[in-house]
Amino acid sequence: MTEYHKPPDLLILTSPGWQDYELLDSGGGYKLERFGEYRLVRPEAEAVWQRALPEAEWQQAHAIFHPGAEESGGHWERKQRLPESWTLRYGILRFEVMLTASRHIGVFPEQACSWDWLAGLIRAAPRPVQVLNLFGYTGLASLAASAAGARITHVDASRKAIEWAKRNQALCGLTERPMRWIVDDALKFTKREARRGVQYDGLILDPPKFGRGPKGEVWEFYKLLSELLKACREVLSTQPLFVVLTAYAVKASALTLHYAVQEMMAGYSGITEAGEVALVESSAGRYLSTSIFARWSAQKASHLQETERL
């Protein structure tokens, strides 16, 4: 039985290694970002403070996303000429971004800290590493793990996201690396892998608040997270290397994820950490919280330097 003597120390993770991305400013429910040479304005509920930059800086944005009445609704307003897509880089990664039907453009820049973390663990591992990435989106975490030497199984319910991830794989020059691209419901796939006896050394979990599988399967974070973690436990190898769980736009805390992952990894020797993932403004230096996370790593791998980057 796991004992809980005191609350965990929570961390704030940032990604200072970017050159092609910059959080220029935030405030009034929006954030002003630079993706390469283009500026975008997107809604940001966490930005409850006043903007630091003058309005003239915000007016230079190439496009702004106007949210709709529904949570997932809205539209882009193009203010200046903008290509249909363009390429960004982070370390050795190259990837495509574009305006989509939602506010998302194909990358969550704050997650670079996780790419660096898991890549460092994989490179330091004394054996080949098998990684399962659930809700993998456009594949950047998968590609970071692949570039570090892991064999990847990447799962997402959206065929469009999988095709996007494959284009990113080509941009990174990783098409010869062993990667499986799976269009499927994350929970159903993981349960099938458990029945097949397939095992993984690393798990990357980035579940949305709500979603649908390719056959209409419904994903609800609070109803199904516990079941998903139980299924993930069944596909862990006897010597797992890492687990990282990230959550966006949910009414949960980092403590919630910490105890969920700690319970999942009971019996394994390692370290569980949790906290918030944040972007840092280049204007006022404020930390903009974007998500919460919990992660587990094997004891021997926990001492790797956080500053090691792709």
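Arg51 lies over the face of Trp58, 3.7 Å from the ring centre. The model is predicted.

**Aromatic rings**
- A pair of aromatic rings is described by the distance of the centres and the angle of the planes.
- Across the whole structure, a search finds 14 aromatic pairs.
- In one of them, the ring centres of Trp18 and Tyr21 are 6.0 Å apart and the planes stand at 65 degrees, so this pair is edge-to-face.
- Trp18 and Tyr21 are both buried.
- The ring centres of Tyr137 and Trp164 are 6.4 Å apart with planes at 50 degrees, so this pair is tilted.
- Tyr137 sits in the loop between strand E9 and helix H3, and Trp164 in helix H4, so the pair ties together parts that are 27 residues apart in sequence.
- Tyr137 has 23% relative accessibility and therefore counts as partly exposed, whereas Trp164, at 5%, counts as buried.
- A cluster linked by ring pairs contains Trp18, Tyr21, Phe35, Tyr90, Phe95 and Trp115.

**Helix H2**
- Helix H2 covers residues 112-124, and its 13 residues reach 18 Å from first to last C-alpha, close to the 18 Å expected.
- Of these 13 residues, 11 are buried, so H2 is largely enclosed by the rest of the structure.
- The buried residues of H2 include Cys113, Trp115, Trp117 and Leu121.

**Sheet**
- Five strands form an open sheet in the order E2-E3-E4-E5-E6, with mixed pairing.
- Strands E2 (21-27) and E6 (74-78) are the edges, each pairing on one side only.
- Neighbouring strands are turned by 20 degrees against each other on average, direction ignored.
- Strands E4 and E5 run parallel and are joined by 2 bridges; Val41 has Ile64 in E5 as its bridge partner.

Terms used. Residues numbered from 1 in each chain as written. Predicted model: local features only at pLDDT ≥ 70, side-chain atom pairs only at ≥ 80, totals over all residues. Heavy atoms only, no water. Pairing = 2+ DSSP bridges. Helix = DSSP H or I, 4+ residues; strand = E, 2+ residues; numbered from the N terminus. Axes fitted to C-alpha atoms, helices over the stretch in contact; angles between N-to-C directions. Expected span 1.5 Å × (residues − 1). Buried < 20%, exposed > 50% of the residue type's maximum accessible area, 1.4 Å probe, protein only. Phe/Tyr/Trp six-rings, centres within 6.5 Å; stacked < 30°, edge-to-face > 60°. Lys NZ or Arg CZ within 6 Å of the ring centre and 35° of its normal.
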